[in-house]
Amino acid sequence: MYESKKVIKKQVLPLLPLRGLTVFPYMILHFDVGRVKSIKALEDAMINNQLIFLVTQKEAKNDAPSEEDVYNVGTISKVKQLLKLPGDTIRVLVEGVSRAEISEFTQTEPFFAAEVVEQIYSDGENSVEIEALKRRVLAAFEDYVGLSNKISPETVLSITTIEDAGQLSDMVASNIFLKVEQKQEILNEFNPKIRLEKILEILLKEMEILEIEKNINTKVRKQIDKMQKEYYLREQLKAIQSELGDKEGVTGEVEEYKEKLKKAEFPEEVEKKVLKELDRLIKMQSGSAEGSVIRTYLDWIFDLPWNKETEEIIDLKKAEAILDEDHYGLEKVKERIVEYLAVRKLKNNLKGPILCLVGPPGVGKTSIAKSIARALNRNYVRMSLGGVKDESEIRGHRRTYVGAMPGRIIASLKQAGTKNPLLLLDEIDKMSSDFRGDPASAMLEVLDGEQNFTFRDHYMELPFDLSNVMFLTTANSLDTIPRPLLDRMEVIHISSYTEEEKVNIALKYLIPKQIEAHGLAKKSIEIDEKTARDVINYYTREAGVRNLEREFATLCRKAAKAIVSSKSKTIKITSDKLEKYLGAKRFRYDKANEKDEIGIATGLAWTPVGGETLTIEVSLMDGNGKLELTGQLGDVMKESARAAMSFIRSRADQLHIDKNFHNKYDIHIHVPEGAIPKDGPSAGITLATAMISALTGLPVKKNVAMTGEITLRGRVLPIGGLKEKVLAAHRAGINTIIVPMDNKKDIDDIPENVRKKIKFVIASDMDTVINTALAKINFKRIKSKVSDKLTDELIAKEQTAASLDKGISIEQ
């Protein structure tokens, strides 16, 4: 046994930590040194006896190891050669001498040095057992070399001639491919016998792994041989088919594509691309996945309408007749289409317009597209953009991806079958973006008439001319459309339908459509204009006519049930019967005040479903100037109330109001229907008028409504939605409306039948508003009800107001 252990010597040597490398005795190797400490340790070794202690780091990533970061056992090595490399790096050639263990570190700066203990074992009694182990290890090592094919025969030969057990174990360990931890485990063992046993165990495990790898490689090689055999047979089959004139298989398929190509008359670039893909296809195996991808790509090319187009109708009267037949109103859209046709008649190469129809839901934006396509004799295709987040939805996926497809633009053109269809991009304001890209950015090229004549889809990789396509986009709001995209479109605003328009649409389109849809004869149900108007006013509240159509569908179903059950031939639905068929009235509309009242003024508001009248009430109470605002008002409306308050305080003398009213009274402003949020600046002049009425005691005329923003100087600024607001006032029975000066141009948009019944007062400042809105005072009536003192005060107010320089006149 190896029991006699002899300490050769203790010696202090410079220490060099190694990263990811283990050095065994008798091993010769070279490595590069770049760390400052390691270079200084090498320099010290060269000055003395060229001996250095090489030890492996526990963590290779550690660039500045300490004493605890290296293993205890390493190898005393002799430095054979140093070679300086560029970049302050030294290449070292070393030879392992013997293993040793660190006794203690003697220094850490400027380099590591340690006292190491070198040990050696001499042969003992059981040399026969050692010999057996040596032979077993050598046999296993030779088998290992045969399986790995990574060790040269010369190395194997040199190892087989080694007699010493310790040297044999170290040489075998240094030539097998092990992890650093496994090599260190062998290096830690000083006893040669135990070392040989560990190496034998590792060799047996490695051979088992190599056997499995060999079996896997054999299977793979067989599979490759089988594929090569199949390829060879297919090539023979092609040759046989060619001799027999058989057009089946890939060759026949390619010939079929080439015949199609001759008839197609593609652009030159497309033709070159097709021929290139056909060359690739003919070299493919018939069952290969890549061949299937090429066939799909070629099918897309042949299916696209590169040169197919429909002939447009240039007859303006016929086009107008078709548009009027399908839709009531929408005059701006119809006018723009007729203008396009007129210019197209004069100039044949006009590019298709890119229009964006913006308006509330249900006003006919999507349905008008079909009518435009019919009027122009273009094929119609709709592409919904609602919820689209991926840029590849527009441009397609590149063919490198599995299951790649063209984008929606190319797919829509394939569906249309012509290169000049009307392409409706519905809900363009509903697009969004995420990590996969921004589809709105991809739409920039599509909707740019200067770029889209060479639109390239990622999948097709060929230019397609979109300049002849007529793009029609729809949106409910412009706020969510990016500015660069909006700049490429011609925006046409479509406002909500008026009551008169809804009545016409109901009688001409919706009711006949629902009668036909429910299988009724035209004479089997009667709905007159008054009934239709009541359905509009009391059962729907919307900008468009979708819910209105549903209500008429309900009436038709009720009528159908009555006809089938009672065998009546005709059902007449009148206003009196609406509650029977549709239930209780769901909505109501405010009516004008019945009398002139102090502190109550009528304003006008815009909502997405039309205009509304807005009653503003002001009440004065003794207090200290607190301004109370109720009715779920927004911040802008609250600020308008404060601005009106400041205007009144600045004009207190001219209005004959106590200058200190804001210290004597609390003012409470309330806007009824408190559950409904209200906001916006257009109620400014209404708030001011109601407060002036409450403070002066002068009533506001019952038949006057107003809208406009107020400034601190009393100027009246413009507002939006005038058409809807005027229609709401007309519905409420109001015949005088105060409108900002800058909105005078918008009065022309109001239907003529409404415009004739309303007196419009154009106001540039609050003087005109007060002069129009505040009512006359009947002093005889006041004398009969109040004291002479109060009447005298009112007369004084009247006379003072009449003498104002600004022209505020209150007639006596």
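Mentor: Let us begin with how elements are named: helices (H or I, at least four residues) and strands (E, at least two) are DSSP runs, numbered from the N terminus. Please keep in mind that this is a predicted model. With those names you can find H656, which sits in the loop between helix 21 and helix 22 (661–664). Its phi is near 55 degrees, a positive value in a residue other than glycine. H656 has 32% relative accessibility, so it counts as partly exposed.

Now go to the other end of helix 21 (635–650), where Q632 lies in the loop that joins strand 18 (627–630) to this helix. Q632 is not a glycine either, and its phi is positive at about 55 degrees. With a relative accessibility of 43%, Q632 also counts as partly exposed.

The buried ones are T531, A532, R533, D534, V535, I536, N537 and Y539. What lies over them? The cover includes helix 17, strand 14 (525–527), helix 19 (546–566), strand 15 (571–573), helix 20 (578–582) and helix 24 (722–731).

One member of that cover, helix 17 (residues 499–517), holds E501. E501 is buried but has no salt bridge. Which side chain of opposite charge is nearest to E501? It is K723, 4.2 Å away, just beyond the cut-off, since a salt bridge needs a side-chain nitrogen of Lys or Arg within 4 Å of a carboxyl oxygen. Beyond its neighbours within four places in sequence, E501 is in contact with Y328, S496 and K723.

Stepping back, the chain has 28 helices and 24 strands. Its radius of gyration is 48 Å, well over the 28 Å that the globule rule gives for 812 residues, so the chain is more spread out than a compact globule. Along the principal axes, the C-alpha atoms fill a box of roughly 145 × 90 × 60 Å. Buried residues account for 46% of the 812 residues. Looking at contacts between residues at least 6 apart in sequence, 73% join residues at least 24 apart.

One last stop is P110, in the loop between strand 5 (89–107) and strand 6 (113–121).

Conventions: Residues numbered from 1 in each chain as written. Predicted model: local features only at pLDDT ≥ 70, side-chain atom pairs only at ≥ 80, totals over all residues. Heavy atoms only, no water. Buried < 20%, exposed > 50% of the residue type's maximum accessible area, 1.4 Å probe, protein only. Lys, Arg positive; Asp, Glu negative; His and termini not counted. Contact = heavy atoms within 4.5 Å. Rg over C-alpha atoms; globule rule 2.2 N^0.38 Å.
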